[in-house]
Amino acid sequence: MPKAKTAKIVRQLIDLLGKTTAFRLQIEMCQDCIEWCKEGKRTFLRQRVETRLAGLYLQESKYQDALELLTRLISEVKKLDDKLLLVEIFLIECRTHFALQNIPKSKAALTASKTNANAIHCPPLLQAEIDLLSGVVSAREKDFRTAYSYFYEAFEAFNAGEKEDKARSFVWARRSMKYMLMTQIMLGRPDDTKSLINSKTGLKYAGPQVDAMAAVAGAHKERSLKKYEQVLSDHKAQLSEDPVVEYHLADLNETLLEQNILRILEPFSRVEIVHVAELVEMPFPRTQAKLREMILDKKLLGTLDQGIGVLVVYDKEEVRTTYDNALKTIKNTSEVMDTLYGIAKQVA
């Protein structure tokens, strides 16, 4: 059989097995195919199978194996100047570094992927994946407006890509929509989630995941920490299975707790910690730990008297700027005098 036809059959077999959840079997099959490719000197097929293997290592949380394979692959593929394959390799590297919480390296890999994608005609679904990862990285950097734009672009592309790969496009479009809802919540606009969910395209992806995000938006709108934590508990399967959503909702949980504590403490100058815990409706140890953290981060001016279990709240300190302004005036006057002296010297 011709090499090209053999390579096509092998790739089809790997794709068919890839539709199952037998990751270990897929890894073993890829490793066998790589050895067979080395014997037959099928370089291009080997590199594509190794790219698939790196993705499987990522799914199995074998990050070190994935990075070692990707480093060698990048070096080889750059020499061949196969930009489309480089885009895929850099995307896997981006996801691997992101899983390891190494955001700078993840962002660098994503930039490299975009650079190679701009030099060729990038397939729409691959471009949508780049946009989705760009949104995830932007959201981690707290730039939720930019993240929403990326998620919207990805959602549009996946929604339009059902003709090419219906099953994959549907799953990724629903995930993009979930991230869009998440960014609106993080931006403090929970009301905008309703228009997204009830839109023509939004209704197509209705399901438990979208319902979970709608429940989070409702709890956030009410500013009720107790209801928010109840929603997280009720929809744990939908919200905790995605590390991106879980990270930001945990961050939002802490923000809501801080806002509630500050609102409750407004009329007090001295209050028992137990009473604060009752008002916030949170366990005493967590309330005490949060108060300690807020004081250390200077989000709350006060001190904890743990001997008698009391929080002492200080009034906001009035910062006197008289001396700073005087020093700035003297400095500016000195600079002006030096300039005038220089001009006078030149004229003389």
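Two strands count as paired if DSSP finds at least two bridges between them. I start there because the sheet comes first today, and that cut-off of at least two bridges decides which strands belong together. One caution before the details: this is a predicted model.

So, the sheet. Three strands make up an open sheet in the order β1-β3-β2, and the pairing is antiparallel. β1, residues 270–272, and β2, residues 302–305, are the edge strands; each has a single partner, so one side of each has no neighbour in the sheet. From one strand to the next, the twist averages 20°.

Take β1 and its partner. β1 pairs with β3, residues 310–313, in the antiparallel sense over three bridges. If you want a residue to look at, Arg 270 stands opposite Val 312 in β3. Across the strands β1, β2 and β3 lies helix α16, residues 273–280, which runs at about 75° to β1.

Now the aromatic residues. A pair of aromatic rings is described by the distance of the centres and the angle of the planes. The structure holds four such pairs, and I will go through two of them.

One is Phe 151 with Tyr 179, a tilted pair at 5.2 Å centre to centre and 50° between the planes. What does this pair tie together? Phe 151 belongs to helix α8, residues 144–160, and Tyr 179 to helix α9, residues 166–186, so the pair links parts that are 28 residues apart in sequence. Both Phe 151 and Tyr 179 are buried.

The other is Phe 170 with Tyr 205. Their ring centres are 5.1 Å apart and their planes are at 35°, so this pair is tilted. Phe 170 is in helix α9, while Tyr 205 is in the loop between α11 (200–204) and α12 (208–222), so the pair ties together parts that are 35 residues apart in sequence.

Tyr 205 is buried, with a relative accessible area of 0%. Phe 170 and Tyr 205 also form one aromatic cluster with Phe 155.

Last, two arginines over rings. Arg 140 lies over the face of Tyr 247, at 3.7 Å from the ring centre. For Arg 175 the ring is that of Trp 172; Arg 175 lies over its face, at 4.8 Å from the ring centre.

How values were computed: Residues numbered from 1 in each chain as written. Predicted model: local features only at pLDDT ≥ 70, side-chain atom pairs only at ≥ 80, totals over all residues. Heavy atoms only, no water. Phe/Tyr/Trp six-rings, centres within 6.5 Å; stacked < 30°, edge-to-face > 60°. Helix = DSSP H or I, 4+ residues; strand = E, 2+ residues; numbered from the N terminus. Buried < 20%, exposed > 50% of the residue type's maximum accessible area, 1.4 Å probe, protein only. Lys NZ or Arg CZ within 6 Å of the ring centre and 35° of its normal. Axes fitted to C-alpha atoms, helices over the stretch in contact; angles between N-to-C directions. Contact = heavy atoms within 4.5 Å.
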